Amino acid sequence: MTEDARRARLSAAQLRLFTEEHLYRTEAAYAVASGLRLAGPVDATALRTALTAVTDRHEPLRTSFELVRGTPCRLIREQAEPELVHLDLSGHPAAKRTRIARDHLAQAQATPFDLTQAPLFRALLLTLGPDEHWLLLTLHHLVTDGWGMSVLWRDLGLAYAAALAGQAPPFTPLEHSYSDHVHRHGEELTGARLERLLTHWRHRLAPPLPRSALPPDRPRPAERTFAGACHSFTLPPHLVHAVRELSARNRTTPFAVLLAAFACLLQRYSGEDEVIVGVPLAGRTRPETLDLVGHLVNPLPLRLRPDPGMTVDQLTTQAHHRTLEAVDHQDLPFDRLVHAVEPHRDRSVHPLFQTLFSVQDIPEAGVDFPGVPSSALPLPPGRTTVLDLSVLFHDLGTGIEGFIEYRRDLFEAATIERLAGNLCTLLAGAARPAATVDGLTIESDQPPPPAAQLDGNPAVVPVHTLVERHADRTPEAIALCPADGERLTYAELDRRANRLARVLAASGVGPERLVGIRLPRGTDLAVAALAVLKAGGAYLPLDPDHPPHRLRRIVADARPCLVLDSLPPSQDQPDERLARPVHPAQLAYVCYTSGSTGRPKGVMVTHAALANFVTGQPMSPRPDDVVGAHFSPAFDASAHELWSTLCAGAQLLTAPGGRLEPQDYRELTRQATALLLTPGLFAVLAEHDQQALARLRHLNLGADQLDPDPVARLRRGPGLTTLNCYGPTECTVAATTGDALRRTPFGRVPIGHPLAGVTVHVLDRRLRPVPPGVPGELYLGGAGLARGYAGAPALTAERFVASPREPGARLYRTGDMVRQLPDGALEMLGRDDDQVKIRGFRVEPAEVEEALRAHPLVRSAVVVARGEADRRELIGYLIPVRRTPDPAATVLDELRKRLPGYLVPSALVVLDAFPLTANGKTDRARLPDPPAAARPAPEQALTPTERLLAEVWAEVLETPDIGPEDDFFEIGGDSLSALRVVAELAEHGLSLALGDLYRLATVRECARELDARPPEGA
């Protein structure tokens, strides 16, 4: 410290910023820049004198910052010479001059400050011509805020005029300095006043807290980053008029109107009932602070609830009242607020809110430089940002300009551009008389083109007719090739089915009459199913290997007119086909699936739906294909194997009936050219015998979430097409397909685009379309839709709902959460009922699974949520590439570095294989519970490092009996005490970064980190 400097403590607001500068690599994120365009001569010498005068006047402009034994201090100098760089660009060609000048502006904005060197203030004067000058002021946010910039410009204009006249600036003496403000604010923030503020904010921010984060386009890193970009837009005149009319009607300001609209938009994007938006409050509640340059701003959270039944006027009033409440209680520093309501810290996100909203005047407005007309200088978009999203409006009086700063590592530019467009659309809707929150629309609310509805189309060709056509065209082509029986040509298959159809028809089989088929895979099953359809009836597949109790329950529920346990004699029947017309809306088959109540439910599939599925779809085989069939007859995937094959004129190669052994699968895959596998079964086959799949030309993967790694490792034969197929039984086997080799930024394999005749709709809880990239529930419509559930009208009405935008159309509510990618493909996020919240954050287990699979020790991974409410936690299960000592601990350590804390599983369980269901899906219900954590007994001795850490924490926090599992921030730690702990440990020779303390949080984890490091010099 020099003789002309004195030390002082930081304000609470400054301490928050100072901590962030030490906690993160912020670069120039906290640089505040403002510029003027001066259309006249500028005296650089007078400008330099004026800059010195304002620096002398305002204490923060002479301040630097340092750590003294872990305590942050301001170092205030008596004098500090401001930096003025003057560049004459007038010699450059006119065509290049503006670009060069803007490059200089961008460079000045992006240059970080050294906090230990005062002043944290620099000026850049660019001369483009005799009467064209650009003046840029750049300050660190520690020494100013938006209000302070307005004061600085005003005082600079006064000082410049005085300097031109050779006089001292006519400043009104400041009643109080910034240090006076810091001292008074600290003294006043005690006792009953502090408790009143805390009580208010604890009430307003009572748990559970909504996160209100814009869904990112890319995974959130484990640590906040500050690389940013900015999208600017201008409200059209009619929207400016609407904003002013709404504010006048509700006796409020444009701020409340714009905030209400943005809250609606954020609700639509986040899916939360409530939203929390950060709002910067000036922090200048006393008259003596109005003329100060300094950092007084205090960002505080506003919690809004845009209830669907509200009118826009009511929501605007709510926004107005919440803002006034926050203004009345703005003296509580943000860090104190965070400590009171959300002590757990996560380095991946800003506490309490990730979105900031503000409506401001332009700081440069009204600046008076004598004899030089001035106007605000448009600055290049910033390259850094502090939050996920910051929405700023400048009300110019004549118009309103908007700016959206965003994190480049989280969002695509197109996403933010769409967000701005949707905000304008919402505002346009809000201007309508008596507009309601629920009635506000956004861009994605426009109705999609209708899909084909085939139920009433007489041109639909039933599947049995398609098979008959192949029998007529290629009678000697092989249709069936069972593993344990005779081959059958298309002609012979057709004749046998014709004879059996006559027997069935004589037994009363006809339209809407069900025939149970309790037969194993093979020729008889195919003949029976084809015969039932030829007789005009519908078949009910029953797996003879299923438990008798389940089969009896299904038969009792479906009430078929007969059940075939074997094929009845039909040799004496004619070979000719029955002339039985079939209507497209007529029932083709009923497939029973597991119900959420534990009771199987029968899905009724029509001829129109089945015909749509087998006709010209990406997963359909070619006539020269050999399609392997191995699924249980009662699983709807068997309908794909059977009908897609026979309707294409291909050959169906059926595995033996009953439960299959590994050798059966190997034999099947060696002969087949096309195959449908579940991801779990595929992973097992690909791992143990890559050559087994080498002959394939078409590999369809479906019926479960796809792990992309086994697909990427597959030794691919020439021309192999690998598809990821998605679809519930209620939409006839499959609804979408996509390239199984494609990965999204989250590492997932998209489920692709809809099949022909199928429509996909991504909707929120109120059946409103969500914007691209935003999670929503998938609803399916179009020609593939099943009729409903047999004998269950209430369940049918619950799951098959009326389309909100296509009169007369129905949609099936899948319960699956997806988001739409920029090209329209869908990314599966998981089941709606699998959605979990950890510490208030919505968590997609699939994202954690991908992070686990990315570790070189992990071959495959599954993540599930266990526990209830606030005790909910993630449990991870992994199959290692090879057995190593304690792979779970190694993987967890790496996850903590890559993922936000709320995404790190509480435990990892190492398995040799995942349990599978009978259909080859991962059986999550049979995953074992993690072993009980081995917690040390209280009397167990701490390690030397743990003991030292506990002693330092106890001294700094003035809290005795620090335990090894105590969370630093939950037992009273904050940013200031964290800095002191780091400094104290350094004096004991332990180098623990501030970020490590935030990340690890407990004595035990910090000690493990320190003990794992090699000794210095090793």
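Biologist: How much space lies in the second largest cavity?

Modeller: A word on the source first: this is a predicted model, where local features need pLDDT of at least 70, side-chain atom pairs count only at pLDDT 80 or more, and totals for chains, interfaces and linings use all residues. Residues are numbered from 1 along each chain as its sequence is written, and side-chain values use heavy atoms, with hydrogens and water left out. A cavity is a set of points, on a 1 Å grid over the protein atoms alone, where a 1.4 Å probe fits but cannot get out; points are joined across faces, edges and corners, and the volume is the space filled by probe spheres set on them. For the second largest cavity that gives about 230 Å³.

Biologist: Which helix supplies the largest share of the lining of that second largest cavity?

Modeller: Lining residues have an atom within 4 Å of a cavity point, and the second largest cavity has 21 of them, with Leu525, Pro633, Ser638, Ala639 and Leu642 nearest its centre. Helices (H or I, at least four residues) and strands (E, at least two) are DSSP runs numbered from the N terminus. Elements giving at least two lining residues each include α14 (523-534), β20 (587-593) and α17 (637-648). The largest share, 5 residues, comes from α17.

Biologist: How many bridges join β5 to β6?

Modeller: In general, strands of a sheet pair through backbone hydrogen bonds, either parallel or antiparallel. Here β5 and β6 (residues 121-129) run parallel, and Leu84 stands opposite Ala123 in β6. The number of bridges joining β5 to β6 is 6.

Biologist: Is Pro219 buried, partly exposed or exposed?

Modeller: Pro219 is found in the loop between α6 (191-204) and β8 (228-234). Beyond its neighbours within four places in sequence, Pro219 is in contact with Asp409, Leu410, Pro745, Phe746 and Glu847. Buried means under 20% relative accessible area and exposed over 50%, with partly exposed in between (1.4 Å probe, protein chains only). Because its relative accessibility is 31%, Pro219 counts as partly exposed.

Biologist: And Arg666: what is its relative accessible area?

Modeller: Arg666 has its place in helix α18 (residues 662-671). Its C-alpha atom is separated by 8.5 Å from that of Leu693, 27 residues apart along the chain. Arg666 is partly exposed, and its relative accessible area is 32%.

Biologist: Which helices are among those covering the buried residues of α27?

Modeller: In helix α27 (residues 1003-1012), the buried residues are Val1003, Arg1004, Glu1005, Cys1006, Ala1007 and Leu1010. The cover over them includes α23 (887-898), α24 (944-957) and α26 (994-1000).

Biologist: Finally, what percentage of the chain's residues is buried?

Modeller: The chain has 27 helices and 39 strands, and its C-alpha trace spans about 120 × 70 × 60 Å along its principal axes. Of its 1018 residues, the buried ones make up 57%.

Terms used. Contact = heavy atoms within 4.5 Å. Pairing = 2+ DSSP bridges. 1 Å grid on protein atoms, 1.4 Å probe; cavity = no way out; pocket = protein on both sides within 12 Å on 5 of 7 lines; lining within 4 Å.
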